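Let's take a walk through a protein together. Keep the picture beside you and look for each part as we come to it.

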Amino acid sequence: MSTEDRVRELLLVMPRMVGRIKKLPLPEQLQSLDLAPRHLSLLSLLLLDGPQTVSHLAEVLGVAPTTISLIVSDLSRRGVLARREDDDDRRRRIVDITPDSRDAIAEWLSPGAQAWRQALAPLTPTEQRTFVDTLLRYEAAVADLRPEIGDR
């Protein structure tokens with residue numbers, strides 16, 4: 001098959017994949033929060049890697065620190081995230097998921113993580129890296145087409 005055949009396959013599967021992901025049930029505790037994809041990335045990072053500084057979150061997620069600060073402020077007001085002083089540098093703030101929200105967020109994100117584990121399992125580590133790098137290049141190419149949507 002040619003590259004164009006693979007592009008056709010991907011153009012058909014991506015909307016179905018996104019549609020299925022959007023249909024995953026949101027735990028009742030999170031339903032009133034109007035969570036968006038930008039929240040998903042931030043919450044995934046905090047759930048997987050633990051508490052982080054705003055600047056580190058911004059760096060890893062590839063967005064401006066002010067964008068992360070706004071999201072953190074919004075989710076803090078809703079009781080999903082909490083900020084505390086960094087014990088090593090009191091000028092820095094550490095962001096984490098609140099204990100009351102952690103289980104609901106884990107429940108929400110677990111099916112997606114499990115699906116990725118299942119999809120990646122048959123691949124070698126090199127093939128997995130190639131797959132992830134390909135998705136990252138695709139994301140960058142789309143952002144290059146529409147730079148104004150990069151931080152949403």
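This is a predicted model: local features need pLDDT of at least 70, side-chain atom pairs count only at pLDDT 80 or more; totals for chains, interfaces and linings use all residues.

The protein has six helices and three strands. If you follow the chain from the N terminus, the elements come in the order α-α-β-α-α-β-β-α-α.

Now find helix α3, residues 54–61, and helix α4, residues 65–77. Their axes come within 8 Å and cross at roughly 115°. Angles from 65 to 115 degrees count as roughly perpendicular, so α3 is roughly perpendicular to α4. The crossing of α3 past α4 is right-handed. Which residues meet here? On the α3 side you will find Val54, Leu57, Ala58 and Leu61, and they meet Pro65, Ile68 and Ser69 of α4. Sorted by class, the residues of this contact are six nonpolar, one polar and no charged.

Our next stop is another pair of helices. Helix α2 covers residues 37–49 and helix α5 covers residues 99–120. The two pack at an angle of about 110°, and their axes are 11 Å apart. With that angle, α2 is roughly perpendicular to α5. This time the crossing is left-handed, as α2 passes α5. To see the contact itself, look for Leu40, Leu43, Ser44, Leu46 and Leu47 in α2, which meet Arg102, Ile105, Ala106, Trp108 and Leu109 in α5. The residues of this contact divide into eight nonpolar, one polar and one charged.

Let's end with an open space in the protein, the second largest pocket. About 470 Å³ of space lies inside this pocket. How many residues line the second largest pocket? There are 15, and those nearest the centre are Leu10, Met14, Thr134, Leu135 and Tyr138. Two elements, α1 (3–22) and α6 (125–145), are the ones that give two or more residues to this lining. Which of the elements gives the most to the lining? That is α1, with nine residues.

Terms used:
Residues are numbered from 1 along each chain as its sequence is written. Side-chain values use heavy atoms; hydrogens and water are left out. On a 1 Å grid over the protein atoms alone, a cavity is a set of points where a 1.4 Å probe fits but cannot get out, and a pocket is an open set with protein on both sides within 12 Å along at least five of seven lines; lining residues have an atom within 4 Å of a point. Grid points are joined across faces, edges and corners, and a volume is the space filled by probe spheres set on the points. Helices (H or I, at least four residues) and strands (E, at least two) are DSSP runs, numbered from the N terminus. Axes are lines fitted to C-alpha atoms, for helices over the stretch in contact, and angles run from 0 to 180 degrees between N-to-C directions. Angles under 35 degrees count as roughly parallel, over 145 as roughly antiparallel, 65 to 115 as roughly perpendicular and the rest as oblique. A crossing is left-handed if the near helix is turned anticlockwise from the far one by less than a right angle, and right-handed if clockwise. Contact means heavy atoms within 4.5 Å. Ala, Val, Leu, Ile, Met, Phe, Trp, Tyr, Cys and Pro count as nonpolar, Asp, Glu, Lys and Arg as charged, and the others, Gly among them, as polar.
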